[in-house]
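Reader: I'm new to this kind of picture. Could you walk me through how to read it?

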Amino acid sequence: MSNVNEMVDKLLQELRRGTITIAVLSQLEKPQYGYSLVTILAEKGVQVEAGTLYPLLRRLEKQGLLISEWDTNEARPRKFYLLSALGKDVYIKLLDEWKKMASSMEGLINGGGTEHGND
């Protein structure tokens with residue numbers, strides 16, 4: 001049974017790796033800082049380690065999908081991230097693709113099909 005659990009853990013990591021970007025983008029229509037994102041995502045059932053999130057935020061910012069700004073008004077400065085115009089466009093397209101994939105997977109899992117391949 002531990003082989004099953006180990007295999008499931010590895011496959012879940014791969015699955016999460018592929019979905020974390022869209023999960024993060026989905027929460028950045030309003031400015032968020034790293035810890036607030038970790039908390040929001042956890043409350044919605046998406047566990048993200050800070051060591052995974054911060055490099056992802058830096059990568060998305062470097063790709064032009066996010067903009068960031070430091071808030072130094074509080075005792076502890078925080079870097080807030082927000083979707084850029086490009087990030088909003090990319091997120092909308094990713095969301096559309098996600099919905100198509102989810103629909104296809106639902107058809108595969110339930111033995112039916114979707115408009116993309118039901119014979």
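Author: Let's start with exposure: buried means under 20% relative accessible area, exposed over 50%, and partly exposed in between (1.4 Å probe, protein chains only). At 39% relative accessibility, D96 counts as partly exposed. A word on the source: this is a predicted model, where local features need pLDDT of at least 70, side-chain atom pairs count only at pLDDT 80 or more, and totals for chains, interfaces and linings use all residues. Residues are numbered from 1 along each chain as its sequence is written, and side-chain values use heavy atoms, with hydrogens and water left out.

Reader: Which residue forms a salt bridge with D96?

Author: Side chains of opposite charge can pair when their charged atoms come close. The rule here asks for a side-chain nitrogen of Lys or Arg within 4 Å of a carboxyl oxygen of Asp or Glu. D96 pairs with K100, the closest N and O atoms being 3.5 Å apart. K100 also forms a salt bridge with E97, at 3.7 Å, and D96, E97 and K100 are linked in a network. D96 and K100 both lie in helix α4 (residues 85–109), four residues apart, about one turn of the helix. Helices (H or I, at least four residues) and strands (E, at least two) are DSSP runs, numbered from the N terminus.

Reader: How many residues does the largest nonpolar core have?

Author: In soluble globular proteins, nonpolar side chains tend to be buried together. A nonpolar core is a set of buried Ala, Val, Leu, Ile, Met, Phe, Trp, Tyr and Cys residues joined through side-chain atoms within 4.5 Å. The largest one has 19 residues, and V24 is among those with the most contacts inside it. Its largest share, five residues, comes from α1.
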